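Keep the viewer open as you read.

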Amino acid sequence: MLDRALARDLLKEMLRIRRFEEKCAELYSAGKIRGFLHLYIGEEAVAVGAMRAFTPEDAILATYREHGHALARGVSAGSIMAEMYGKREGCSRGRGGSMHLFDAKTRFYGGSAIVGGGLPLAVGFALADKLMRRPRVTACFFGEGAVAEGEFHESLNLAELWKVPALFLCENNLYAMGTALERSEADTDLCEKARSYKVPARSVDGMDVVAVMEATAQAAAAARAGGGPQFVEYRTYRFRPHSMFDAELYRSKDEVERWKQLGPIVTFIPRLKEAGLLDDAALERIESEVAREVAEAVSYAEAGTWEPVEDLARDVYTERAA
Amino acid sequence: MPTLGADMEAGTLVEWLVKPGDEVKRGQVVAVVETQKGAIEIEIWENGTVDRLVVEPGTKVPVGEVLALLRAPGEAAAAAPAAAAPRVAPVPKAQAAPPMPRSATPSPAAAARAKVSPAARQLAAELGLDLEAVQPAEQGGVISRADVERAAAARKVAPGAPAAPAAADWRVQMRGAIAAAMARSKRDIPHYYLATDIDVTAVTDWLAAENLKRGVAQRLLPVVPLMKAVALALRETPGLNGVWADGAFRPSAAVHLGMAIAMRGGGLVAPAIHDADRKSLDTLMADLRDVTMRVRGGRLRSSEMSDPTITLTNLGEQGVECVLGVIYPPQVAIVGLGRITERAWPVQGTVAIRRILTATLSADHRVSDGHTGGLYLAALGRLLQEPEALR
Amino acid sequence: MKNAGATVRATTYREALREALREALRRDERVFLMGEDVGRYGGSYAVSKGLLAEFGEERIRDTPLSESAFVGAGIGAALNGMLPIVEVMTCNFSLLALDQIVNNAATIRHMSGGQFNIPLVIRMATGAGRQLAAQHSHSFEGWYAHIPGIRIATPATLEDARGMLWTALMDPDPVILFENALLYNLEGELAPDAGAVDIDRAAVRRAGDALTLVTYGGSLHKTLEAAARLAQEGVEAEVIDLRTLRPLDMPTVLGSLAKTRRMVIVDEGWKSGSLAAEIMARAMEQAFYELDAPIARVCSAEVPIPYPKHLEDAAIPQVDSIVESALRTVGRHG
Amino acid sequence: MSAPTRQDIRRAVLDTLCAIAPETDPAEIAPNRPLRDQVDLDSMDFLNVIIRLHETLGIDIPEADYAQLATLEGAVDYLARRCGAG
């Protein structure tokens, strides 16, 4: 099941995200990245494992904590970093920033900064594929905070009612900004909520990249086979604050330390070594490749240009012959 | 001090978690900072050895301030100036707001219609004045209420027709303002007065020759070289050029010469001509023409009356030999120039007919004294003997 | 159209809308209609009656009462290659979908750096006048006309009801069509070959030189009636039907103002921050010296629209209030 | 251009005075009293009168001749001579 190449790939993908996010934290402190920044450190296994279940024709919708999903989907690190610098070379021309990455080539339909805002879109995406008989699915990533929004319930019901091929992929990292799940939901069993709309649901250890890969592949296959919408809960945890300006008054230091020991990378490396699929030299090579990719992304962003103010109103509407 | 959010300007260092000499690794938490959102752990982004803790716990410092100095791995202990903490990247200065793409302003059919402000229309209607007869102040400009007032004042309103109330009270208001300023000046400023006769034959001869060389429209008025001399002489006596404010004299490096100009139909204003000491005679003439025509055309708005640092009153035109001016607060001096007359004047032992002008100085005794005033008038006299240098 | 007669035929605003829907569904397989009760029930205003039988469940989709979900789904489907028509029963319920309309439909093209199009059409009924009380009597066209990134059109005549839909569908950006609820039963004639019309320009519905009456949607017919009454008193009013509220066709409005020099704007929205206020501001900015009198506005009273008829009538623009405002503007105190 | 008549010159002088000092009523200007006693002209105004006459009549008026323009009649005589001779 796990061969050397796949093991190396999964590890490298997770390290790409980890080092990229660490560099973002540094650049934010230096004032190079402004606005809001929500880091994905600790949840890398979900984006990396889940993204392997989707083809280039499928559509991906994510949230404002989306750097990991964009990198795993194939959006270039340079265009993402340039976007966070607000440069024209960014994947959204510098107009969206960290929370709104868009990339037509990889059918990455961006982050949404409105909790739950992407779920209705996903229903529409999947409806279109169904109506046009296209063998495609739509992946919609969101956090457990979204289950409190009406749009979660409206969307799952509508998706199941119309049996559209949409995957609702919920990253349950236990906290919606500063509110723990049990302090906002009467019933914290997320799968039960999905099953109440008859949507097939399953929960998986979000720290185990292989388990994530398998659970998502199974859900995607069911949807592709016409089984209608699917729901997957990934039990995971974010090691850093909700955003950069968060004193984390809502959780204890040792809880964070405990989860760090269960982290997706720190547990995966020994597992590969025991299985003889990884040695220190290979790990060193991966780290240096990742380091170079992150460094190149930063210089690409630094060298980027500002969009001229004259283009302010460009693209509000589609240009057409006068 | 790292920035942690767009709305964070500063943070208070609560606690150092490292001390000089400690090894630190990238990503290691080295300090705790208090912000409006609570205590936040601060990471270090470089590997190295702590050299010196610059900021003491308990002090509040702005974002971007150096908190500690680090020695790169293997760097000598000598306190080489460590690389300053990365300065906060200059936020891209928003370029000037782009000119909004000009929406194609429609040219309404009747583009030819004269532009008249509603206030002007209303007054014209009240006074029974035909708007066709009113000229806007600036060519092709908008006919304003002031333009209608001027036209009404100029037209001999038939007796019995309602006097233009608006125009009258405008002049009354101005007279009131002048009265108040003069009263305040006399009350608050201890004036001292000096007068001297100056031989201006050289400068008047020079001017006549100069104007012969020029076309009619480029001619200089006699007051123009005098203005330049009045301004240049101040360089030797700074105590006369500036303003009195909040109980103290503030000298002015620049010389903004207020020119007293009489308005048509009464009233007086003294708008400033900027940097009169540094301008050429041609520029001074152009500035004087512009401000005079606007004052006498009734179109000088008070907002344009920038504040002079000294005033010149040139009443010689009206045939007055010697004028002792009242200082315009908050200035501290006023120079008066009288009529140029031909008088018998001793020149190297013999008597000759020379053109003489009486120059006076009224000055604020709180700021300067007679000695300074005397030096000034002497300097003025000397400057007027070399007109070529005034160019 | 099946009947061969070349002459015009009597029809209604509702049937004109239905013809437009049928034509769009027939011409392009990417077109589909979804909304509350548009299928089996035939549409709350019976606009889509019969379409389910003709086009089937897939393309005439009844939705649960989930405005945010199905408007968002419309946006998603448009992003993914479809030409969806979403019917939000009335603008009163559209408030529940405002986040999807503002933060997704109007924003994604610009925020993505121009990578995506959203060729979505949303239809909403609007306006008061049926004693439905405050929550069912709103007029939000002016609000929506404030949002860059979407277009707003207001069909007030049978030709526009018949012709605006196809043009809106062919527009690569989101368009919202507001249909005043009082118009559905409007009877009139329609040319047999009536088809697509533009949604870019205002129309002069009645020529005149004494003053310009600017209006749109449901208020057009009251304004035309007012103009007729004014004519009996020797005041010839020019009536402008805006047809599009975003973009606003100011050249047509100002062209008329330059001729008449006086203007009254009739707008069923509340006066403060209304669309009438925006038109007035632009006229002041671009045609100040053309004015011989202050521009007047006839808007809804700033109250929740009341249920009893006499109060509802007092709250929204009426022919009398338009005539009175017009006479004041031309300096004749009616 | 044939030399202007005395009538043209008188008209030119009065028009110039009215342009510079709008409150002037041409009918009330006494021919032989100094203009500066009848019309509010400061040195700038007078220079502008000279410039305007120079432009309308196309002749140069040196500073030395200013005195001959002190009255209306004097000015017309002087200008007629200059134009006639011109």
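Predicted model: local features only at pLDDT ≥ 70, side-chain atom pairs only at ≥ 80, totals over all residues.

Residues are numbered from 1 along each chain as its sequence is written, and chains are lettered from A and ligands numbered from 1 in the order in which they are written.

Two packed helices are described by the angle between their axes and the distance between the axes. Helices here are DSSP runs of H or I with at least four residues, strands are runs of E with at least two, and both are numbered from the N terminus. Axes are lines fitted to C-alpha atoms, for helices over the stretch in contact, and angles run from 0 to 180 degrees between N-to-C directions.

| Helix pair | Axis distance | Crossing angle |
|---|---|---|
| α2(A) and α8(A) | within 7 Å | roughly 40 degrees |
| α4(A) and α11(A) | 8 Å | about 45 degrees |

Start with α2 (residues 44-51) and α8 (residues 209-227) of chain A. Their angle makes α2(A) and α8(A) oblique to each other; angles under 35 degrees count as roughly parallel, over 145 as roughly antiparallel, 65 to 115 as roughly perpendicular and the rest as oblique. The crossing of α2(A) with α8(A) is right-handed, a term used when the near helix is turned clockwise from the far one by less than a right angle, with anticlockwise giving left-handed. On the α2(A) side, the contact is made by A:Ala45, A:Val46, A:Val48, A:Gly49 and A:Ala50, and α8(A) brings A:Val209, A:Val212, A:Met213 and A:Thr216. Residues are in contact if their C-beta atoms, placed from the backbone, lie within 7 Å. By class, this contact has 7 nonpolar, 2 polar and no charged residues. Here Ala, Val, Leu, Ile, Met, Phe, Trp, Tyr, Cys and Pro count as nonpolar, Asp, Glu, Lys and Arg as charged, and the others, Gly among them, as polar.

Now turn to α4 (residues 77-84) and α11 (residues 280-302) of chain A. These helices, α4(A) and α11(A), are also oblique to each other, and their crossing is right-handed. From α4(A), A:Ala77, A:Gly78, A:Met81 and A:Ala82 meet residues of α11(A) including A:Glu293, A:Glu296 and A:Tyr300. The contact of α4(A) with α11(A) holds 8 nonpolar, 1 polar and 2 charged residues.

**Two sheets**

Strands of a sheet pair through backbone hydrogen bonds, either parallel or antiparallel. For two strands to pair, DSSP must find at least two bridges between them.

Chain A has an open sheet of 5 strands in the order β1-β2-β3-β7-β6, with parallel pairing. At its edges stand β1 (59-61) and β6 (201-205) of chain A, each with a single partner strand, so one side of each is left without a neighbour in the sheet. From one strand to the next, the twist averages 20 degrees. Strands β2 (residues 138-143) and β3 (residues 166-172) of chain A run parallel and are joined by 6 bridges. A:Cys140 has its bridge partner, A:Phe168, in β3(A).

In chain B, an open sheet of 4 strands is ordered β4-β3-β1-β6, with antiparallel pairing. Its edge strands are β4 (38-43) and β6 (60-62) of chain B, each with a single partner strand. The twist averages 40 degrees from one strand to the next. Strand β3 (residues 29-35) of chain B pairs with β4(B) in the antiparallel sense over 6 bridges, and B:Glu34 has B:Ala39 in β4(B) as bridge partner.

**Chain C, inside and out**

How many residues of chain C are in contact with chain A? There are 35, and they meet 35 residues of chain A. On that side of chain C, α3 (67-79), α5 (98-105) and α6 (108-111) each supply at least two residues, and α3(C) gives the largest share, 10 residues. The side of chain C that touches chain A has 13 nonpolar, 18 polar and 4 charged residues.

Elsewhere in chain C, buried residues of α10 (residues 250-260) include C:Met250, C:Val253 and C:Leu257. A residue is buried if 20 or more other C-beta atoms, placed from the backbone, lie within 10 Å of its own, exposed if 12 or fewer, and partly exposed in between. The buried residues of α10(C) pack against elements including β13 (263-270) and α11 (275-287) of chain C. Just after α10(C), C:Arg261 takes a positive phi of about 70 degrees.

**Chain D**

Chain D has 4 helices and 0 strands. Of its 86 residues, 26% are buried.

Notes:
Contact = placed C-beta atoms within 7 Å.
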